[in-house]
Amino acid sequence: LNGNEIHGDYDLVKVLTDHALESVKWLADLGVEFDESQVTMPVGAKWRRGHKPMESQGFAFIKTLKKFIEEHEAGQILTETPVKRFLLDEQGQICGVVALNAANRQVIVKAKAVILASGGFGANTKMVQKYNTYWSQVDDDIATSNSPAITGDGIKLGQSVGAALVGMGFTQMMPVSDPKTGELFSGLQVPPANYVMVNQQGKRFVDEYEGRDVLTKAAFDNGGLFYLIADDEIKKTAYNTTQASLDAQVEAGTLFRADTLADLAKQIKVDPQTFEETIAKYNSYVDAGVDPEFGKEVFDLRVVKPPFYATPRKPAIHHTMGGLKINTKAQVINEAGQVIPNLYAAGEVAGGIHAGNRLGGNSLTDIFTYGRIAAKTALEKM
């Protein structure tokens, strides 16, 4: 835990860590196929601990859970039907939701329990700016690596019935995002042991193996935009990458490729001599196993084999730690410290689980752990 994380709810964090691997096993039992040949290392991680599905991104989870619901007739999935407000009974307690479908018709769903799993507010820049207490500034044009639908709707719903908020000022940035879209899996996205980060002057500016906050602050201090530099060997370690996709990105101008370092430097508009000196120094550090400039301790690849690649990157809003206050049973708590009957929250919509920062990959563990806890608690209360 870092300095920010100690301010979180210890009990919530303990539940998450105690049940993390159990969630992976539960998903595997449902049919999610994991790549058992490796344990991956997310950007900003200090060790290998990621359990990666065979299928790309979150599709493996969504497909498997959807199939389970349909095959077991466990519920009805309504898409394009956003919830607008809670349905309340005569005592003012939640007894369902009111939504609008794609035809703009009201849809009323009566229920004994409502579980909010609507995500955070990373795509709502104004909301991030309103609550921000951590970053020196959040620019109006900052991108998000998250879904454009993650706009804080669930948090606002909770507030409408008096839910307390926690940790709203803490936002995690993903330092290695696409400068325009915020996308993660563009360019050559690889473990940090395999690339060099250079700023707009063609110089290294940080230990590439650092945590996300350190990398983000360093990027902001260097003008935001920077580049991941690698040689042709990098393709062997890249995530979700094919030669065809690389060729298409080079053609589109979102990835740079050249047969010489000098030519690559010209493409990204940095001084060729400075750039070549930077790469030569880095290669010598890989050979020696020691980085006297920034203290990087893990090296896998040098930058020597053409063609050479430069992936433009810039920090983007990745995860909002704040949200609705919950207890260890995933029940939503009001501003008076009392449980709001029939209301539960799981995933990024809930706050206090990751406190001021979040380990990469833990949001998936969070939703699959607290999602199951919420369902179990709701059933027990019925």
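The legends below describe several close-up views of a predicted model.

**View 1. Asn132 in the loop between helix H3 and helix H4.**
Asn132 belongs to the loop that runs between helix H3, residues 125–131, and helix H4, residues 153–160. A polar atom of the Asn132 side chain lies 2.9 Å from the backbone oxygen of Trp135. When the neighbours within four places in sequence are set aside, Asn132 is in contact with Val138 and Gly169.

**View 2. Asn146, in the loop between H3 and H4.**
Asn146 is also placed in the loop between H3 and H4, and with a relative accessible area of 23% this residue is partly exposed, because the partly exposed class begins where the buried class, under 20%, ends. Residues up to four places away in sequence not being counted, Asn146 touches Ile317, His318 and Glu348. Two of these contacts can be followed at the level of polar atoms: a polar atom of the Asn146 side chain lies 3.3 Å from the backbone oxygen of His318, and the Asn146 side chain makes a polar contact of 3.3 Å with the side chain of Glu348. Thr181 is 35 residues from Asn146 along the chain, and the C-alpha atoms of the two residues are separated by 9.9 Å.

**View 3. Helix H4 and its buried residues.**
Within H4, the residues Gly154, Ile155, Leu157 and Gly158 are buried. These residues lie on the same side of H4, because the arc they cover around the axis is only 160°. The buried residues of H4 pack against strand E1 (83–88), and likewise against E4, H3, E5 and E11. Just after H4 comes Gly162, which takes a positive phi of about 85°.

**View 4. The open sheet of three strands, in the order E5-E11-E14.**
Three strands make up this open sheet, and their pairing is mixed. Strand E5 (165–166) and strand E14 (350–351) stand at the edges, and each has a single partner strand, so one side of each is left without a neighbour in the sheet. Strand E11, residues 323–325, pairs with E14 in the parallel sense over two bridges, and here Leu324 stands opposite Ala350 in E14. H4 packs on the sheet, where it touches E5 and E11, and the direction of H4 makes about 35° with that of E11.

In helix H5, which spans residues 212–221, the buried residues are Arg212, Asp213, Leu215, Thr216, Ala218 and Ala219. Just after H5, Gly223 takes a positive phi of about 90°.

Definitions and conventions: Residues numbered from 1 in each chain as written. Predicted model: local features only at pLDDT ≥ 70, side-chain atom pairs only at ≥ 80, totals over all residues. Heavy atoms only, no water. Helix = DSSP H or I, 4+ residues; strand = E, 2+ residues; numbered from the N terminus. Polar contact = N/O pair within 3.5 Å; in protein donor to acceptor, adjacent residues only side chain to side chain. Contact = heavy atoms within 4.5 Å. Buried < 20%, exposed > 50% of the residue type's maximum accessible area, 1.4 Å probe, protein only. Pairing = 2+ DSSP bridges. Axes fitted to C-alpha atoms, helices over the stretch in contact; angles between N-to-C directions. Arc of directions from axis to C-beta.
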